[in-house]
Structure formats: C-alpha cells, structure tokens
Amino acid sequence: MPDTNLCTKETLVEILDSLNIGVVYVDKEGSFSLINKAGEEIRDLKSEDRIGSSVLDCHPEQMQKHVTKDFESFSKGDYLSRHKMIHLKEKYFDNTYNVVKDKEGNFKGVVLVSQDVTEKEKLAEELKKTNEQLEQIVSERTAEIERTYNELKIAQRQLMQTE
C-alpha cells in the first residue's frame, strides 16, 4: 500500500510556486534544474527556457569567471552557505546560497533562495536619514546651549563685578 503522506513531485512544485520567495536550484554540473514562479520573476528567467541550460548563460561575460569560482568553492566544500544582498531592477534581494547534498553527503548542487527586501531597505535608509537629521539637530542644540551657558557665565561675572 503506498504511503499517502509522501509529497509528490507535482505537489512539491506547487508548494514552491506558491511562495513569494524565489527558489533556483543548480545541479552539480552547473545546469538549472528548478526555478519556481517567484524565482522566474525575480531573476527574469523562464523555466522552460532555462531548465537544463548552464547557469553561466544568464550571467554577463565579466561575471562568469566569478560565478564559476563560487560554484567550484561550493562543490569542494569551501563553504556550505553564502549570503549576498543584490540590487536588481530597482529592488533589493536578500540571497542565500546553500549546498545541496545527498544522503551520503555528496555534493548535488546549489539552491538559491531570494527574497525581496526592498521595503525593508527603504525603511532602513529612511531611518538612517532620520538619525542623521536628529544627530544634526542635537549637535546644533548642544552648540546653542553651550553658547547660552557661556553668555550666562559672562553675564553672571558682570553682575558680580557690578555688585
């Protein structure tokens, strides 16, 4: 009797496609093996055009050497996970790359999880600007208080001399 609790490949794809987080899997040969709907949108890729093609094909020539080096580092085990923030199409994406291994621990590929953090980045930038403005105001007010204090000290000395 088949186990009804097992997730089918079709259900897994439906689950991945329901996420608003991009998921891209590149196998050990460096070929695209899976791209969910959000991954297609974020990376401007079409699964039907990319599945089976090299990951290098979607990178500009000046980036291909870097991509190859990173992929080799993953496959050799130099790092199991890597984090990178990218700016793409006027949006910010928090990318995490993770090594995928089989049960025996052999390298199978790399999965990229990409999440749109544009709002978070915009809020962080606004907060930074607000903090800078507040620091400027505090600095100006501190200088103003120091001037007033010095003027009071002078006035106090003059008053004491007058007395």
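What is the volume of the largest pocket? The largest pocket has a volume of about 650 Å³, where a pocket is an open set of points on a 1 Å grid over the protein atoms alone at which a 1.4 Å probe fits, with protein on both sides within 12 Å along at least five of seven lines, and lining residues have an atom within 4 Å of a point; a volume is the space filled by probe spheres set on the points, which are joined across faces, edges and corners. The model is predicted, and local features need pLDDT of at least 70, side-chain atom pairs count only at pLDDT 80 or more, and totals for chains, interfaces and linings use all residues. Residues are numbered from 1 along each chain as its sequence is written, and side-chain values use heavy atoms, with hydrogens and water left out.

**Largest pocket**
- Of the 27 residues that line the largest pocket, R43, H59, V67, Y97 and L112 are the closest to its centre.
- Helix α4 gives the most to this lining, with six residues, helices being DSSP runs of H or I with at least four residues and strands runs of E with at least two, numbered from the N terminus.

**Two residues compared with the cut-offs**
- S73 lies in helix α4 and counts as buried because its relative accessibility is 9%, buried meaning under 20% relative accessible area, exposed over 50% and partly exposed in between (1.4 Å probe, protein chains only).
- E104, found in the loop between β4 (91–101) and β5 (107–116), counts as exposed because its relative accessibility is 62%.
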